[in-house]
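Take a walk through this model, one part after another. Keep the sequence and the 3D view side by side.

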Amino acid sequence: MRMSKLFVQTLREFPSDAEVVSHKFLVKAGYIRKLTSGVYNYLPLMWRVLKKIENITREEMDKAGAQELLMPFVQPKELWEESGRWEVYGKELMRLKDRHNREMCLGPTHEEIITSIARDGLKSYKQLPVNLYQIQSKFRDEVRPRFGLLRGREFIMKDAYSFGTSQEELDKEYENMAQAYRNIFNRCGLPTKMVQSDSGAIGGSVSHEFMVITDTDAGENDVFYCDDCDYSANSNHAVSKLPKAVVDGAECGLKEKKVVDTPNTFSIDELCEFLKVPPSLICKCLVYIADSKPVLALIRGDKQVEETKLMNAVEAIEIRIATAEEIEDLMQKQGFNAARGFISPIGMKDITVIADETIKDLKNFVVGVNEQDKHMVGANLSDINIDKFVDIRLVEAGELCPQCGKPLKVTKGIEVGNIFQLGTKYSKPMNAVYLDQNGKAQPYVMGCYGIGISRTAAAAVEAHYDDWGIKWPIAIAPYHVIVVPVATNDETQMSVAEKIYKDLLEAGIEVVIDDRNERPGVKFKDADLIGFPYRITVGKTIVDGKVELVTRETGEKVEMTPEEATSKVIEFVKSALSK
Ligand code: ATP
Ligand code: MG
């Protein structure tokens, strides 16, 4: 490819709406252009990167025994009604009507469609297990599309779905996919961590996410991990052992149960200060709105609630902390007059009360009584009505690993893929069955496995860049090398550059020659910004028979003959691609 012909417009500035590195560089270097919020044009350079990630994914999925197909992007409402998701999938589902007023949606994911395909075609246990996948655009009307390709509304996903006859078969395919994912991300030059994650309110199911660990703002997930063993989990799923804390009020002289004045103690800190007790002795009570109904969450005063865990505990689809007005409204309905800080399960009626496991250990503790400026001290579990004890606690760094007891660490991660044991979540309601050995109809035991292809490309930029631009790993770089004649009007430089270009092309290397009549500074800047893994510069030293080979990753520059530079690049690229 000739730079003079390559369809790319690099910009002088970063786009004003870009907050993270990958968004900034992909726009500045001419890879993507925004069409509308969360929707991007993938320009030729980007499309080359995406195709490479797709092909690596495809090769590894095929090697793992999965079969590729392609399902429609537009889906009929009826299948979504069968699974029960038409009602519960929120506003992320982009719904539309056709000219006959039939309701449809744009595919955010394809469980319903694939399950209907399976039930039409997989009738006998003899045909199972099967794993089917596609690589396709998805549409989700995300609340906050941001970070360019990392969280778009339209994005490219590889989604695979497995069908089997038993949990054992699912476990095996799950491990098979985990290995395929490790291969895919390794080949993309993108180290990932496989972490346990939340799998919703479906009992007993298992899921893992593949995270690119990053210290940039682009990491939307907190990952807790242990250096001493292999434990790692997304914050929405992480658990820990707690270091020792005071959990019996008797140690602070609170043995006798009574209601005491606690004026203006709106926060845990204020209450602790006033009563001279540690926060671990307080039973904190928070009001949440779960699917538009209030619920109370109780947790030890020094700990925080993890909302996804709470959401699963009450089997809700959406959850958020209640506003001051909603709390006031609840108090009025319950016949109390207390504000945030004094809310309590004591005396409340017809409301779900979920208590974190930490509450179980408390004795002679402090709790609100739904009266302004008052708390009960010396309280015990028998004083409170609790519907369910469950772990709803947000883990914090420094708490102890649930496996080996060493302190946990926390880092940020970008989720590039996930694997999920669905079990019969879709096959049962959709009556997707096969006949077993005894001729009895059984629902398929399913798994699903996603990779964000476009998010992976952006995550690769988050993991490989410097002040000047992108440093693509060779396997997913749009081109492997750029040949830069410094002065296009110098005949020797041009003819050497053209020869290198031709030799590299013949060796199957993806090469660009910068034949533009531009200042060398402009050419070098563009080369670094776009992120070619190698640059061969043909400049003045050509009179001594030397060109310069520059490695983008390390910045290393070495002078050598044109032939040496050509064969070095061929060697480096071939060796990187064979890994
Ligand atoms: P997230 O928690 O980031 O919203 P998700 O759990 O909704 O992800 P899945 O439904 O499992 O994601 O989709 C599979 C993969 O698709 C994810 O691992 C991610 O790589 C990618 N993905 C999901 N949502 C987006 C998005 N809005 N933009 C780009 N990629 C996405
Ligand atoms: Mg999502």
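**The five-stranded sheet**

Five strands form an open sheet with mixed pairing, in the order β28-β27-β29-β30-β31. Its edges are β28 (511-513) and β31 (557-560). Each of these two has a single partner strand, so one side of each is left without a neighbour in the sheet. Neighbouring strands are turned against each other by 20° on average, direction ignored. Keep in mind that this is a predicted model.

Look next at the β28 side. There β28 pairs with strand β27 (residues 481-485) in the parallel sense, over 3 bridges. For one residue contact, find V481: its bridge partner in β28 is V511.

**The cavity**

Rolling a probe the size of a water molecule over the atoms shows where empty space is left. How many cavities of 30 Å³ or more are there? The count comes to 1. The largest cavity holds about 50 Å³ of space.

Which residues line the largest cavity? They are A527, D528, F532, Y534, R535, V550 and R552. Two elements, α13 (520-530) and β29 (534-538), each supply at least two residues of this lining. Strand β29 also belongs to the sheet described above.

**The domains**

Step back to the whole chain. It is divided into domain 1, domain 2 and domain 3. Domain 1 is given as 21-239 + 410-462. Domain 2 covers 249-389, and domain 3 covers 479-577. How far apart are the C-alpha centres of domain 2 and domain 3? They lie 67 Å apart.

Finish with two spots in loops. P129 is found in the loop between α5 (111-121) and β7 (130-139).

The other detail concerns N101. Its phi is near 70°, a positive value in a residue other than glycine. N101 lies in the loop between β5 (95-97) and β6 (103-106).

Note on methods
Residues are numbered from 1 along each chain as its sequence is written. Chains are lettered from A and ligands numbered from 1 in the order in which they are written. This is a predicted model: local features need pLDDT of at least 70, side-chain atom pairs count only at pLDDT 80 or more; totals for chains, interfaces and linings use all residues. Side-chain values use heavy atoms; hydrogens and water are left out. On a 1 Å grid over the protein atoms alone, a cavity is a set of points where a 1.4 Å probe fits but cannot get out, and a pocket is an open set with protein on both sides within 12 Å along at least five of seven lines; lining residues have an atom within 4 Å of a point. Grid points are joined across faces, edges and corners, and a volume is the space filled by probe spheres set on the points. Helices (H or I, at least four residues) and strands (E, at least two) are DSSP runs, numbered from the N terminus. Two strands pair if DSSP finds at least two bridges between them. Axes are lines fitted to C-alpha atoms, for helices over the stretch in contact, and angles run from 0 to 180 degrees between N-to-C directions. Domain bounds come from an automatic or database domain assignment.
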